[in-house]
Structure formats: structure tokens, C-alpha cells
Amino acid sequence: MDTHTPHTHTHGHGPGCGAGAEAQCVCMRCGAEVAHVAGQPCRRVRCAACGAALLRKGSRHHQQALARQAAKAAEDAGR
Ligand SMILES: [Zn+2]
């Protein structure tokens with residue numbers, strides 16, 4: 001059925017996602033990083049140090065969180 005649909009094998013993941021790459025989950029609260037567990041979303045994992053939800057390192061969510069942190073830091077520095 002899928003013999004003529006070459007891109008179905010990605011299962012919704014973009015190119016370059018996974019495929020041997022070592023994924024990391026990162027805590028935005030304390031900066032701790034832990035190895036991502038396959039099949040377990042980082043957001044479902046709690047930081048061992050502070051209990052905050054983790055984000056997939058380098059993911060869009062992570063980049064958004066970093067941008068928000070940077071914006072907040074800049075705002076605090078401006079006062
Ligand atoms: Zn933490």
C-alpha cells in the first residue's frame with residue numbers, strides 16, 4: 001500500500017531527527033541535562049535536581065524557552 005509513498009517512513013519526525021543522534025533532555029530551571037530515553041518524551045520526565053519538567057534539547061520548545069529566558073534576562077538587566 002505504501003510502495004509509492006517514500007516519505008511515510010519518517011513517522012512524523014523531520015529529517016535529521018534521531019537516526020542515531022544522541023538526544024538530550026534539558027532542565028530550563030537549573031540547566032541539568034540528562035540523556036533522552038527513547039519512547040519517553042522529555043516533557044514527561046522530571047528533573048532529578050529540581051523537579052521541573054524537562055525539554056528536548058534543541059527542540060522548538062527548548063529554543064522558545066531559551067528565547068523567553070533571554071528576553072526576561074534582558075528585561076531584568078534593563079531595570
Ligand atoms: Zn532542574
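Analyst: Helix α1 is hardly covered: among its 18 residues, the count of buried ones is zero. Buried here means 20 or more other C-beta atoms within 10 Å of a residue's own; exposed means 12 or fewer, partly exposed lies in between, and C-beta atoms are placed from the backbone. This is a predicted model: local features need pLDDT of at least 70, side-chain atom pairs count only at pLDDT 80 or more, and totals for chains, interfaces and linings use all residues. Residues are numbered from 1 along each chain as its sequence is written.

Helices (H or I, at least four residues) and strands (E, at least two) are DSSP runs, numbered from the N terminus. Helix α1 covers residues 60–77. The expected span is 1.5 Å times one less than the number of residues.

Now the sheet. Three strands form an open sheet in the order β2-β1-β3, with antiparallel pairing. The edge strands are β2 (33–35) and β3 (54–56), each pairing on one side only. From one strand to the next, the twist averages 30°. Two strands pair if DSSP finds at least two bridges between them.

Strand β1 (residues 24–27) is joined to β2 by three bridges. Q24 stands opposite A35 in β2, and V26 has E33 as its bridge partner there. In β3, V26 is partnered by L55.

Next, the core. The largest nonpolar core has six residues: C25, V26, C27, C42, L54 and L55. Such a core is a set of buried Ala, Val, Leu, Ile, Met, Phe, Trp, Tyr and Cys residues joined through C-beta atoms within 7 Å. β1 and β3 each supply at least two of the residues. The largest share, three residues, comes from β1.

Back to the helix. α1 lies across β1 and β3, running at about 120° to β3. Axes are lines fitted to C-alpha atoms, for helices over the stretch in contact, and angles run from 0 to 180 degrees between N-to-C directions. L55 touches C25, V26, M28, C42, R43, H61, H62 and A65, leaving aside residues up to four places away in sequence. Contact means C-beta atoms, placed from the backbone, within 7 Å.

Technical notes
Two residues are in contact if their C-beta atoms, placed from the backbone, lie within 7 Å.
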